[in-house]
Amino acid sequence: MATATEEKKRGALTHPDVTSFGQVNRDILKILSRPGRGWWALFAVALAGVGLFFGSWFYQIMNGVGVSGLMSPVGWGVYITTFVFWVGIAHSGTLISAILFLFRAPWRQSIYRAAEAMTVFAVMTAGLFPLIHLGRVWHGYWLIPYPNSRFLWPNFRSPLLWDVFAVTTYFTVSAVFFYLGTIPDVAAARDQATGWRRRLYQVVSMGWRGTDREWHHFGKAYIFLAAFATPLVLSVHSVVSWDFAMSIVPGWHATIFAPYFVAGAIFSGVAMVVTLIVPLRKIFKLEAYLTIRHFDAMAKLILLTSLIVLYAYLTEFFMSWYSGEEIERSMFWNRLFGDYWWASWTMLTCNGLIPLMLWFRRVRHSIPALFVITLFINIGMWFERYVIIVTSLSHEYEPFAWGMYRPSLTEMGILAGSFGWFFFWFLIFTRILPPVAIAELKEVLPAPFRGSGRGEGVS
Amino acid sequence: MSGTNQGILASFDYLDSAAGAIEALRKAGFGKRSITAYAPVPEHDLEHAMGYHQSPVRVFALVGALTGTATGFALAIFTSMDWPLVTGGKPIVSIPAFVVIAFELTILFGALSTVIGLFINMRLPHLRPLVIYDPEFSAGRFGVYVAAAPERIGEARRILSSMGPTELREDPEGVAHA
C-alpha cells in the first residue's frame with residue numbers, strides 16, 4: 001500500500017503534463033461543449049444500431065422465438081452468448097474503479113470514469129438479453145419473487161434465478177457507485193455551465209459544495225462501496241458461469257468455470273476499455289491525461305488475464321483427456337476439429353496467441369497496435385462464449401441427439417444492434433458527464449502549497 | 001444556530017494557507033461547528049485541521065449488509081417452505097444454494113444503506129441556491145468559512161487575512177450551515 005504522498009509522486013509521474021488543479025477543470029470541462037460533426041456522425045450510426053436492435057426484437061416478438069435459429073438440441077445460442085459477453089465487458093469497469101481503488105493504483109484515476117460508465121451501459125445491454133431470450137418477454141416479471149395469484153415462487157435452487165439476483169444487484173450497485181463518483185465532478189461542471197445544463201447539473205450534483213463534512217463522509221463511504229463492489233464483481237461472473245457449470249452438459253460441468261469466467265470477463269473488459277479510450281483520447285485531445293503509462297498498465301493487465309484464460313483453456317482440454325471420460329473427450333475433440341472448429345480456433349488465436357505480443361514493450365507502447373489487438377480480443381471473447389455454449393449443446397451424450405445451430409438474421413440483427421444500443425448511451429455520456437474524473441485526478445496531483453513552490457494555484 | 005451570527009468566507013490559492021487558517025481559528029477558540037472548509041479534492045491536511053475521526057457511515061454499511069444477509073436467507077427459505085416442491089432431489093431448504101441469494105442481497109442492501117447513510121451525513125441534497133460559495137472551490141481554490149457572533153467577527157477577519165486570502169467576503173446572515 002502506498003502512502004498518500006507516495007501516491008501523489010507516482011501520480012505526477014503518470015501525468016507529467018498536468019500541473020495545476022485549474023488546468024484539469026479547463027481541459028475536461030471543455031469536452032462538454034457543443035459536439036462536433038464527428039460526434040454526430042457516430043451518434044447517427046449508434047442510433048441506426050438502436051433501430052436495428054429494437055426492430056429485430058420487435059420482429060421476434062410479433063413472430064415468435066421461432067425466427068431465431070434456436071432449435072433442439074441447441075436451445076441457447078447467440079442471445080445467451082451475447083448476454084455473457086456484455087456482462088463480461090462490464091466487469092473491468094468495476095475492477096478499475098473498485099479493486100484498483102482499494103489497491104491504490106495511481107493510474108486508475110483518469111480511466112475509471114469511462115470504465116465505470118462502460119460497466120453501467122454494458123450491464124444495461126446485457127440485462128436485455130435474457131428478456132429477448134425468453135421469447136414471451138411480457139412474462140419477464142415472473143422472475144421476480146412477489147406474492148402472486150398463482151401462489152408460486154421462483155426456484156431459488158436454480159442458478160438461473162441466482163443470475164437474476166446477481167445481475168440486478170450488479171446493475172444497481174454499479175450505477176449507484178458510478179453516480180456517486182460523478183457528484184463532485186458534476187458540481188465542477190455546474191460551476192461553469194449556463195442555461196439548462198446548469199439547472200441539470202445543479203440537481204444531479206445535489207448541491208455539492210466540497211465542504212469538509214461532505215468530503216469526509218464521501219471518502220469513507222467510497223471505501224465501503226469499493227469494498228462491497230469488489231466481492232460483488234467476482235460473484236457476478238461466477239454466478240453466470242454456474243448457469244453452465246451446475247448442469248451436467250459435457251464441456252460445462254467443471255469446477256474451473258467460476259475463476260475461468262471471472263478472468264475472461266476482466267480480460268475482455270479491459271480490452272474494451274482500451275478500445276473505447278483510444279478514440280476518446282484522440283477526439284477529445286486527452287493525451288496529457290491518458291498517457292502511454294496508462295496504456296502500458298492496461299496492456300499488462302490484459303496480458304496477465306490473457307495468460308490465465310489461456311491456462312484455463314489448456315486445463316479444460318487436459319482435464320477432458322486426463323479424466324478418461326469418453327463423452328468429455330469426444331466433446332473437446334469435437335470442439336477443436338468438429339463442425340465448429342473455426343469458432344474454437346478464432347477463440348484460441350484471438351485470446352491466447354495474439355495477446356502474447358504484449359510481452360514486448362514496443363507493442364505495449366504503440367497505441368495503434370493496442371487498438372488492433374483489443375479489437376481481436378473483443379471478437380475472440382465473443383467467440384469464446386459462443387464456443388462454450390453452442391459446441392457443448394450441439395454435441396451432448398447421445399449421437400442421435402447431436403445437432404447443428406445456425407444463427408438467424410434476426411439474431412445477428414440483435415447482436416449487431418446491441419453495440420448500437422451500448423454506444424448510444426456511451427456517446428451521450430461523453431457529452432453530459434465529464435468523461436475523466438476531475439476531482440480524483442486532482443488527488444494524485446501535487447496540491448498548491450505556498451511554501452514549497454509546487455503547483456501554481458488557479459490561473 | 002441563531003440568526004444573530006455573522007460570517008466571513010475566505011478563499012485561498014494554497015492548501016497550507018487554508019489549513020493554517022483553520023488551525024489558527026480553532027486555537028483562537030472558534031468551534032469546529034462554526035468553521036466550514038471548502039476544497040476541490042479531499043485533503044488530509046484539511047481533515048486533520050478540522051479534527052475528524054471516524055464516520056458514522058460505517059454503521060450504515062454494517063447494518064445494511066447484515067439486514068441483506070438475513071433477508072436473503074429469509075426470502076429463499078420462506079418461499080421454499082411456502083410451496084414445498086422437491087426439485088433435483090435436493091432438500092426443500094437448500095442452504096448452499098441460498099448462500100448465493102443471501103450474498104447478493106448482503107451486497108445490495110449494504111451498498112444502498114451506505115449511500116443513504118452518506119447522504120444523511122453529508123446533509124445532501126441541498127438544492128437551494130448556494131449563497132456562501134465560490135465557483136472556484138470546485139476548480140482549484142480552498143475556502144474557509146467561519147460563523148461567529150458580531151463581537152468576535154473582527155478577530156476572525158484578522159486571523160483569516162493574516163493567512164493571505166485571495167478574497168474575503170462578508171456574510172451578514174452568518175449561519176453555521178455545514
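At what angle do the axes of helix H3 (residues 57–82) of chain B and helix H4 (residues 95–122) of chain B cross? Select both helices and look. Their axes come within 6 Å and cross at roughly 150 degrees.

**Before you go on**

This is a predicted model, where local features need pLDDT of at least 70, side-chain atom pairs count only at pLDDT 80 or more, and totals for chains, interfaces and linings use all residues. Residues are numbered from 1 along each chain as its sequence is written, while chains are lettered from A and ligands numbered from 1 in the order in which they are written.

**Stop 1: the helix pair in chain B**

Stay with H3(B) and H4(B). The crossing angle makes H3(B) roughly antiparallel to H4(B). (Angles under 35 degrees count as roughly parallel, over 145 as roughly antiparallel, 65 to 115 as roughly perpendicular and the rest as oblique.) The axes are lines fitted to C-alpha atoms, for helices over the stretch in contact, and the angles run from 0 to 180 degrees between N-to-C directions. Helices (H or I, at least four residues) and strands (E, at least two) are DSSP runs, numbered from the N terminus.

Now check the handedness. H3(B) and H4(B) cross in a right-handed way. (A crossing is left-handed if the near helix is turned anticlockwise from the far one by less than a right angle, and right-handed if clockwise.)

Colour the contact of H3(B) with H4(B) by class: 19 residues are nonpolar, 12 polar and 1 charged. (Ala, Val, Leu, Ile, Met, Phe, Trp, Tyr, Cys and Pro count as nonpolar, Asp, Glu, Lys and Arg as charged, and the others, Gly among them, as polar.)

**Stop 2: the domains of chain B**

Zoom out to chain B. Select 6–52 + 136–171 for domain 1, then 57–122 for domain 2. (Domain bounds come from an automatic or database domain assignment.) The C-alpha centres of these two domains of chain B lie 45 Å apart.

Next, pick Pro125(B). Pro125(B) sits in the loop between H4 and strand S3 (142–148) of chain B. The peptide bond from Leu124(B) to Pro125(B) is cis, with omega near 0 degrees.

**Stop 3: where the chains meet**

Show both chains. 57 residues of chain A are in contact with 62 residues of chain B. (Two residues are in contact if their C-beta atoms, placed from the backbone, lie within 7 Å.)

Which elements of chain A give two or more residues to the side that touches chain B? Select helix H2 (21–29), helix H7 (159–192), helix H9 (212–245) and helix H17 (438–443) of chain A. H9(A) gives the largest share, 17 residues. By class, the side of chain A that touches chain B has 32 nonpolar, 15 polar and 10 charged residues.

**Stop 4: loops of chain A**

Start with Asp17(A), in the loop between helix H1 (4–14) and H2 of chain A. Is Asp17(A) buried or exposed? Asp17(A) counts as exposed, because it has 9 C-beta neighbours inside 10 Å.

Move to Pro73(A), in the loop between helix H3 (37–63) and helix H4 (78–102) of chain A. The bond from Ser72(A) to Pro73(A) is a cis peptide bond, with omega near 5 degrees.

Then find Met206(A), in the loop between helix H8 (195–204) and H9 of chain A. Its phi is near 60 degrees, a positive value in a residue other than glycine. Met206(A) has 17 C-beta neighbours inside 10 Å, so it counts as partly exposed.

Lys285(A) is in the loop between helix H10 (257–283) and H11 of chain A. Phi of Lys285(A) is near 55 degrees, a positive value in a residue other than glycine. Lys285(A) counts as exposed, because it has 11 C-beta neighbours inside 10 Å.

**Stop 5: H11(A) and its partners**

Select helix H11 (residues 292–322) and helix H13 (residues 341–353) of chain A: they pack at about 140 degrees, with their axes 8 Å apart. H11(A) is therefore oblique to H13(A). Show Ser306(A), Val309(A), Leu310(A) and Tyr313(A) on H11(A), then Leu348(A), Asn351(A) and Gly352(A) on H13(A); these make the contact.

The axes of H11(A) and H12(A) come within 7 Å and cross at roughly 140 degrees. This crossing of H11(A) and H12(A) is left-handed. Glu316(A), Phe317(A), Ser320(A) and Trp321(A) of H11(A) meet Glu328(A), Arg329(A), Met331(A) and Phe332(A) of H12(A). By class, this contact of H11(A) with H12(A) has 4 nonpolar, 1 polar and 3 charged residues.

Conventions. A residue is buried if 20 or more other C-beta atoms lie within 10 Å of its own, exposed if 12 or fewer, and partly exposed in between; C-beta atoms are placed from the backbone.
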